[in-house]
Amino acid sequence: MPFEHLLVLSFVLFTLAAAGFLTHKNIIMLLMFAELMLNAANIALVAFSKFSGALEPQVFVLMVFAVAAAEAGVGLAIVILLARNLKTLDIDAVKNLRG
Amino acid sequence: MIHRILIYALGGLAAAGTLTMLFQTNPLRAALSMLVTLIATAGIYILLSAELVAFLQVIVYAGAIMVLFILAINTLPFDSGEEKPQRPTLLRLAGLAGAAVLLAELLQIALLVEARLDLSFAGESVHALAALLFGTYAFQFELLSLLVLSGIVGAVVTAKRKL
């Protein structure tokens with residue numbers, strides 16, 4: 001199992017998630033794609049851990065898990081607030097700060 | 001050998017899950033595609049002998065976070081997924097082009113790395129990981145609990161109608 005292939009997998013997943021993040025309109029979908037980007041980064045970290053023999057990358061992965069969970073919680077709270085005030089989940093409707 | 005085949009298969013499954021999500025306009029179906037990606041990733045973690053990470057992936061990501069998303073999708077009444085699913089074509093093309101450039105750059109980096117090692121189960125990795133987490137990185141771990149606590153409080157304060 002060449003190490004690069006795992007990195008390529010991680011990068012492909014990250015890029016696909018980034019593409020979704022850049023093209024979709026639904027706020028919940030955007031949050032999900034953000035989570036998938038974190039997930040893709042985790043694959044690279046675990047690959048580093050496997051091929052260097054060190055366990056520190058796995059510690060980072062666990063920290064990313066906690067950050068992802070906190071992000072999902074706060075993000076969905078913000079989505080609920082936006083949906084209540086704007087009556088839509090369309091990201092293009094959120095432009096009050098445009099000035 | 002079987003490890004390699006399984007990793008390639010699971011990697012393909014993860015990529016396919018993300019790809020179907022990319023072309024999915026229904027948020028609930030997209031969430032299920034994302035679930036496929038997350039479970040496949042957990043399988044890859046097991047094959048890379050990161051067992052604890054794999055189990056936490058299933059519990060935290062595929063369990064808690066996905067339940068949160070599906071709950072939000074089902075609770076929020078406005079489902080903009082059906083009628084106006086996509087952004088304007090120019091913006092979509094620009095986004096895809098940006099993602100392609102990102103992929104090209106990252107692949108360049110991947111070709112620079114030249115580490116090749118064999119696959120074998122490490123064993124005792126959970127114990128060593130716990131020693132690291134509660135020993136060397138104990139302070140950071142506590143900071144993490146503070147982060148999650150502030151996340152909980154922030155989510156409640158943000159979503160509550162009236163304090």
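Predicted model: local features only at pLDDT ≥ 70, side-chain atom pairs only at ≥ 80, totals over all residues.
Q: Helices are DSSP runs of H or I, at least four residues, and strands are E runs of at least two, numbered from the N terminus. So how do the elements of chain B run?
A: From the N terminus on, they run α-α-α-α-α-α. That is six helices and zero strands in chain B.

Q: What ipTM and pTM does the predictor give the complex?
A: An ipTM of 0.90 and a pTM of 0.80.

Q: Where in chain B is confidence lowest, and where highest?
A: Helix α4 (residues 89-112) of chain B is lowest, at a mean of 77. Helix α6 (residues 138-159) of chain B is highest, at 92. Over residues 115-120 of chain B the pLDDT is below 50. Beyond near neighbours in sequence, that stretch has seven contacts in the model (C-beta atoms, placed from the backbone, within 7 Å).

Q: How many residues of the two chains are in contact?
A: 59 residues of chain A are in contact with 72 residues of chain B.

Q: Which helices of chain A supply that side?
A: α1 (3-23), α2 (27-52) and α3 (56-86) of chain A each supply at least two residues. The largest share, 22 residues, comes from α3(A).

Q: How do the residues on that side of chain A divide?
A: 43 nonpolar, nine polar and seven charged. Asp, Glu, Lys and Arg count as charged; Ala, Val, Leu, Ile, Met, Phe, Trp, Tyr, Cys and Pro as nonpolar; the others, Gly among them, as polar.

Q: Now α2(A). At what angle does it pack with α3 of chain B?
A: About 175 degrees, with the axes of α2(A) and helix α3 (residues 51-75) of chain B 11 Å apart. That makes α2(A) roughly antiparallel to α3(B) (over 145 degrees).

Q: Which residues make the contact?
A: From α2(A): Ile28(A), Met32(A), Glu35(A), Asn39(A) and Val46(A). From α3(B): Val53(B), Tyr61(B), Ile65(B), Phe69(B), Ala72(B) and Ile73(B). These divide into nine nonpolar, one polar and one charged.

Q: How many residues of α2(A) are buried?
A: 20 of 26, so α2(A) is largely enclosed by the rest of the structure. Buried means 20 or more other C-beta atoms, placed from the backbone, within 10 Å of a residue's own; exposed means 12 or fewer, and partly exposed is in between.

Q: What follows α2(A)?
A: Gly53(A), whose phi is positive, near 80 degrees.

Q: What is phi at Lys87(A)?
A: Near 60 degrees, a positive value in a residue other than glycine. Lys87(A) sits in the segment after α3 of chain A. With 11 C-beta neighbours inside 10 Å, Lys87(A) counts as exposed.

Q: And phi at Ser49(B)?
A: Near 55 degrees, also positive in a residue other than glycine. Ser49(B) is in the loop between α2 (27-47) and α3 of chain B. Ser49(B) is partly exposed, with 18 other C-beta atoms within 10 Å.

Q: What share of chain B is buried?
A: Buried residues make up 25% of the 163 residues in chain B.

Conventions. Residues numbered from 1 in each chain as written. Chains lettered and ligands numbered in written order. pLDDT = per-residue confidence, 0-100. Axes fitted to C-alpha atoms, helices over the stretch in contact; angles between N-to-C directions. Parallel < 35°, antiparallel > 145°, perpendicular 65-115°, else oblique.
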